[in-house]
Amino acid sequence: MSTAVHAQSVDLSKWSPEYVRSIAGTEEVNTAAECSKVVPLDYKGRLTYWYTGPSDAEPEITKQMDKEFWVAWKATYPNIETDAQNINYNDLLDKFRTALLGNAGPMVVRLQILGGVEFAAKGYLQELKPEDVGYTTADFWPGAMKSVTYDGKTYGIPTNNETMAFIWNAKIFKDAGLDGEKPPATWDDVVKYSKQIHDKLGIAGYGLVAKQNAGNTPFRFMPQLWAYGGAALDEADPAPTYHNIGLNSPGAKAALQAAYDMYVRDKSVPVSALTNTQNENQGPFIAGQLAMMIAHPAEYAKMVDLASKATGADKKVADAVVANMRYGLIPEGPARRAVVFGGSNIHVLKPEYVDGGTDEMAVKALICMWTSPEWSTRLNWVGSNPGNLRGFKTKWMKERLDQIKFLDVTTSMLPNGIPFPVIPEAPEIMNIIVPDMLQNALTGKMTVDAAADDAAAKVKALLGGL
């Protein structure tokens, strides 16, 4: 553990729902004063920035915080002429690629967690680390810093991070003879519980997701694979090299076997798992026909929303499901407890790719404010968590914990977060090769061993025969 982290009294070794609540509201921050040490508040300059901000579908509070940031930015740095573009999540990467080809990019861009590695690998991004804007690397999650490290260099700063948690229906657990207030402690327990629930109640136990070419699949299967000691490469190691392939390791095969046991042997998961994303688990869960699944804190709000739209007998069932919804830590495996580490990072382009060149001081001023304890908390109110660990100590974090049910539980999974391999080929490995491996085993097209060996061979070929 870094001593700098301890010096800030954000002790990652104590991280738990109770600890997260205990530190919230314990530190006052003055963002303008902190950033003035990096860039004087009377600095005159110009800035261009692209990011995915709130869409029409977002809650009002998200739009409000975005507005308040830009008001605060103008008040803090009134002499920096700013062109900030809020670009739709699905359009941002393509628009950014096109702009780079014409050397017409923005000075600063915020991208989803592994969006940056493609551009770092192609040489478009400047080196950038927390120390450049007045913070320390220890102010950010180790897993988050992994996601901005490519080829031994740091090329971005985490703005926000999130992890999912384990959700179950306490009443279904009780009806099946299980303890309704305790989640399965291990992945082996998930297999047992899922079978017990299916055998006793005739409904699906675990919400397995195995759709091909869908990001939902690795987000739910990789925590299981890592827990058993497997990996795609060596992304679970503290200092990964991404030169070792782990999909055919004994741990990866054990995880695949567990999924096979639930789907084929016990038939205790939805028969539609092969074509399901998480969206297809929501209906059965609210109808009391599915006992447990992995999801975000927002899943609770989604279930409340679904319950409000139900009518008649369905309404009664849905309200009971909401009342019996519980959140806990994702189960452990023989090797570790794990979850996919998500979020976004902020990056700076090299001047030659920027329309009109780069104003380094204006860039630093914006990044200092955006990644500050205050704004990394407020800008991610509903959907994420502060990238800056000091954000967890602010009054805003305390407000969020009071407002967002189960946020403390999903937040407490953050130390167990593992980012997908930080290499340009990660999307193909995670969205194509891993789901195909699951499909090959679950459909009986290949044995568990053969499916894992086949996936490892595909990764090896993709990476040029490691």
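User: How many bridges join β8 to strand β9, and which way do these strands run?
Analyst: In this predicted model, β9 covers residues 290-295. Within the pair, Tyr206 stands opposite Met292 in β9. The strands β8 and β9 are joined by two bridges, and they run parallel.

User: Which strands are at the edge of the open sheet that holds β8?
Analyst: The sheet has four strands, ordered β8-β9-β7-β10, with mixed pairing. An edge strand here pairs on one side only. That applies to β8 (204-206) and β10 (325-328).

User: By what angle are neighbouring strands of this sheet turned against each other on average?
Analyst: The sheet in question is the open one with the order β8-β9-β7-β10. Direction is ignored in this average, and the value for its neighbouring strands is 25°.

User: Are helices α11 and α19 parallel or oblique to each other?
Analyst: Helix α11 spans residues 250-265 and helix α19 spans residues 426-442. Their axes come within 10 Å and cross at roughly 50°. The crossing is right-handed. Angles under 35 degrees would count as roughly parallel, and 65 to 115 as roughly perpendicular. The two helices are therefore oblique.

User: Which class of residues makes up the contact of α11 with α19?
Analyst: On the α11 side the residues are Leu256, Ala259, Tyr260, Tyr263 and Val264. They meet Met437, Leu438, Ala441 and Leu442 in α19. By class, this contact has no polar and no charged residues, and nine that are nonpolar.

Technical notes
Residues numbered from 1 in each chain as written. Predicted model: local features only at pLDDT ≥ 70, side-chain atom pairs only at ≥ 80, totals over all residues. Heavy atoms only, no water. Axes fitted to C-alpha atoms, helices over the stretch in contact; angles between N-to-C directions. Parallel < 35°, antiparallel > 145°, perpendicular 65-115°, else oblique. Left-handed = near helix turned anticlockwise from the far one by under 90°. Contact = heavy atoms within 4.5 Å. Nonpolar A, V, L, I, M, F, W, Y, C, P; charged D, E, K, R; others polar. Pairing = 2+ DSSP bridges.
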